[in-house]
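You asked me to look over this one before you write it up. Here are my comments, in the order I would read them with the model open.

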Amino acid sequence: LLQTPKHLPKHQKLLLQTPKHLSLFSPLTFSLYPIPSKHQNFSYKHKNTTTKMASSSHNTFSFSQEFEEAMDDEFESCVQECFDDINEVLGPKKSKKKRAYIDRGREDGNIRLISDYFSENAVYSDAMFRRRYRMNRPLFMRIVNKLSTELLFFRQRPDGTGRLGLSGLQKCTAAIRMMAYGSAADAVDEYLRLGSSTALTCLHNFVNAIIYFYEEDYLRRPTPADLKRLLKVAETRGFPGSIGSIDCMHWEW
């Protein structure tokens with residue numbers, strides 16, 4: 001809907017109607033809807049297009065040059081707006097900003113981890129391993145071997161360039177450290193050499209795997225035989241009537 005100049009009489013005002021989106025391969029068309037007085041004729045020429053309306057009388061009404069220029073400006077602005085809408089839809093989409101790649105040296109992290117805890121002459125003792133992993137080394141290795149054998153995620157596989165990925169030791173250690181210390185995901189980055197998103201993925205898969213493989217044996221309600229055994233062990237250690245306590249998990253027995 002285009003507005004005409006305000007100085008024109010009411011009976012000379014026109015409504016110019018154009019399509020919202022114009023085709024690139026079809027001619028531009030428009031129609032004029034006048035509001036003339038009774039028994040009035042008019043003829044309007046716009047470039048090589050003539051629109052005529054006739055009545056019983058043969059009187060002709062001509063628009064002024066000023067009105068024709070105003071109509072041209074309004075029509076051109078409308079066409080330009082339509083083409084801007086088309087270019088906005090068909091134009092190239094802005095590409096998302098890619099994340100910066102960081103070569104953390106995951107191979108060095110795996111070698112350091114093995115040298116510190118899992119080699120014959122490990123840097124840290126069994127007692128320090130037990131404190132940091134909340135379990136002894138043979139139990140942890142049994143879990144790592146089970147997950148690496150049964151689940152593809154915990155296997156060390158080469159990537160598209162042939163470079164080896166993270167080992168099962170790195171992935172399981174990342175999950176255990178976050179649960180044992182309640183640390184953030186990026187806290188294991190500097191030592192194990194894996195990003196925070198990868199660490200969270202390791203934690204998620206590790207927890208689901210433990211539930212899947214060990215729920216029936218270890219994540220169940222204690223049986224009467226289990227309760228008797230736990231009560232006996234607790235009594236010999238100075239805690240009669242106790243079957244377990246989270247507050248005493250760090251107690252040195």
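1. **What you are looking at.** Keep in mind that this is a predicted model. The protein chain has 8 helices and 4 strands.

2. Of the 253 residues in the protein chain, 28% are buried. The accessible surface comes to about 18,600 Å², and carbon and sulfur atoms account for 54% of that. As for contacts, take those between residues at least 6 apart in sequence: 47% of them join residues at least 24 apart.

3. **The bent helix.** Have a look at helix α7, which covers residues 196-218. Where is the kink in α7 centred? Find Y212: the helix bends there by about 45°. The buried residues in α7 are A199, C202, F206, A209, I210 and Y214. A bit of helix geometry is handy when you view them: an α-helix has 3.6 residues a turn, so residues three or four places apart point the same way. And what do the buried residues of α7 pack against? They pack against two other helices, α4 (137-150) and α5 (168-181).

4. **A serine in a loop.** Next, go to the loop between α4 and α5, where you will find S167. Is S167 buried or exposed? It is buried, because its relative accessible area is 5%, and the cut-off for buried is under 20%. Its side chain makes a polar contact of 2.6 Å with the side chain of N110. If you leave aside neighbours within four places in sequence, S167 is in contact with N110 and Q156.

5. **The aromatic rings.** There are 13 aromatic pairs by the count used here. One of them joins Y117 and Y133, with ring centres 5.5 Å apart and planes at 70°, so this pair is edge-to-face. Y117 sits in helix α2 (residues 106-118) and Y133 in helix α3 (residues 126-133), so the pair ties together parts that are 16 residues apart in sequence. Both partners are buried: the relative accessible area is 2% for Y117 and 0% for Y133. Y133 also pairs with F140, and here the centres are 4.9 Å apart with the planes at 65°, so that pair is edge-to-face too. F140 is buried, as is Y133.

6. **The cysteines.** How many disulfides does the count come to? The count is 0. Start with C78: its closest cysteine sulfur is in C82, 4.4 Å away, which is too far for a bond because a disulfide needs the two sulfur atoms within 2.5 Å. C78 is buried, with a relative accessible area of 15%. Now try C202, one of the buried residues of α7. The closest cysteine sulfur to that of C202 is in C172, at 8.1 Å, so this distance is also too far for a bond. C202 has a relative accessible area of 0%.

Key: Residues are numbered from 1 along each chain as its sequence is written. This is a predicted model: local features need pLDDT of at least 70, side-chain atom pairs count only at pLDDT 80 or more; totals for chains, interfaces and linings use all residues. Side-chain values use heavy atoms; hydrogens and water are left out. Buried means under 20% relative accessible area, exposed over 50%, partly exposed in between (1.4 Å probe, protein chains only). Contact means heavy atoms within 4.5 Å. Accessible areas come from the Shrake-Rupley method with a 1.4 Å probe; for residues, only the protein chains shown count as cover. The bend at a residue is the angle between axes fitted to the seven residues ending there and the seven starting there. A polar contact is a pair of N or O atoms within 3.5 Å; within protein, one must be able to donate a hydrogen and the other to accept it, and residues adjacent in sequence count only if both atoms are side-chain atoms. Rings of Phe, Tyr and Trp (its six-membered ring) pair if their centres lie within 6.5 Å; planes under 30 degrees apart count as stacked, over 60 as edge-to-face and the rest as tilted.
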